[in-house]
Amino acid sequence: MTAPTDRRRPRSVYGVGDEPEVQASLANERTALSWIRTGLTLIAGGVALATLSGFGDLPLVVLVIAGLAALGGGALGVWAIVAWARTERALRLREPIPDPSVLPWVVAGVVAAGIFVAGFAAFEAIELAR
Amino acid sequence: MNAGAAAVDSGGGRDARRAPVDRTSLAWQRTALQASLVALFAAVTALRLGEPTVGVVAAVLAAAAVVAGAATPRVKRADLDGRDPWGLMLRTVLVLSASALVTVVLVVAVALEL
């Protein structure tokens, strides 16, 4: 079980089970960091769209997408830390690790945004050609 | 604990067994750098859009991200006491959440100007 001198937090994670394999624990940490970087990329996309809207004459829906991207990025960061704790706890208890439940949502959001931007670009190109 | 983990924990075997520790430290550096760049990008955007207050907040965030990256421990991560990323993660997610908030404020500011 956990050593009595173990002062690491949160206790809901480090207070249960046995010390997992170092490499598995570090891999869990790197996965959480990857999710955080994905959230940061979404926020950067939001900033970029806001910049374009500020300088160009773009429809309001682009700004709505920018706001949603920024909020989604923030939410992804919070989810990353929750998922890290759940996985670390599962590793310590020698249980199956939880599934990445947010992954389908992120993929769906990115695909939807990609389709919208492609459609918008095609529409603008047709308008310019006329 | 297996043989590889035991070798890392005892500080020995400074070879391929140390790679996961170094890789994790590099992941922290990469994350902090990206957080700083995003905040800096938001700061420049805010200033160019004529929102100096948001720009200053974003610039402070960028500096905070740099400090968070610089303060991330790069050694002793293989020791039991050093393998405690909770505080670091909270700090990084706080910077990220604040960046998201700054971006939303920017979006609202642009929407009000349109």
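Author: Leaving out residues up to four places away in sequence, Ser36(B) touches Ala62(B), Ala65(B), Val66(B) and Gly69(B). This is a predicted model, in which local features need pLDDT of at least 70, side-chain atom pairs count only at pLDDT 80 or more, and totals for chains, interfaces and linings use all residues. Residues are numbered from 1 along each chain as its sequence is written, while chains are lettered from A and ligands numbered from 1 in the order in which they are written.

Reader: In which helix is Ser36(B) found?

Author: Helices (H or I, at least four residues) and strands (E, at least two) are DSSP runs, numbered from the N terminus. By that assignment, the place of Ser36(B) is in chain B, in helix H2.

Reader: Does Ser36(B) count as buried or exposed?

Author: A residue is buried if 20 or more other C-beta atoms lie within 10 Å of its own, exposed if 12 or fewer, and partly exposed in between, with C-beta atoms placed from the backbone. Ser36(B) has 22 C-beta neighbours inside 10 Å, and therefore counts as buried.

Reader: What distance separates the C-alpha atoms of Ser36(B) and Val60(B)?

Author: Along the chain, Ser36(B) and Val60(B) are 24 residues apart. The separation of their C-alpha atoms is 9.7 Å.

Reader: What length does H2(B) reach from its first C-alpha to its last?

Author: The expected span of a helix is 1.5 Å times one less than its number of residues. H2(B) has 30 residues, for which 44 Å is expected at 1.5 Å a residue. The helix comes close to this, reaching 43 Å.

Reader: Which residue with positive phi follows H2(B)?

Author: The phi in question is near 80°. The residue that follows H2(B) with this value is Gly50(B).

Reader: What pattern does chain B follow along the sequence?

Author: Chain B has four helices and zero strands. Read along the sequence, its pattern is α-α-α-α.

Reader: What share of the contacts in chain B with a separation of 6 or more comes from residues 24 or more positions apart?

Author: Chain B has 114 residues, of which 39% are buried. For its contacts with a separation of 6 or more, the share from residues 24 or more positions apart is 70%.

Reader: Which residues have the most contacts inside the largest nonpolar core?

Author: A nonpolar core is a set of buried Ala, Val, Leu, Ile, Met, Phe, Trp, Tyr and Cys residues joined through C-beta atoms within 7 Å. The largest one has 48 residues. Two or more residues each are given to this core by H2 (22-55) and H3 (60-92) of chain A and by H2 (19-48), H3 (52-70) and H4 (86-113) of chain B. Those with the most contacts inside it are Ala32(A), Ala80(A), Ala39(B), Ala42(B), Ala58(B) and Leu106(B).

Reader: Which element gives the most to the side of chain B that touches chain A?

Author: The contact takes 41 residues from chain B and 37 residues from chain A. On the side of chain B, H1 (3-9), H2 and H4 each give two or more residues. The one that gives the most, with 15 residues, is H4(B).

Reader: Why is chain A more spread out than a compact globule?

Author: Chain A has four helices and zero strands. The radius of gyration is taken over C-alpha atoms, and the globule rule is 2.2 Å times the number of residues to the power 0.38. For 130 residues the rule gives 14 Å, and chain A is more spread out than a compact globule because its radius of gyration is well over that, at 21 Å.

Reader: Where does Arg94(A) lie?

Author: Arg94(A) has 9 C-beta neighbours inside 10 Å and so counts as exposed. Its phi is positive, near 60°, in a residue other than glycine. Arg94(A) lies in chain A, in the loop between H3 and helix H4 (103-129).

Methods
Two residues are in contact if their C-beta atoms, placed from the backbone, lie within 7 Å.
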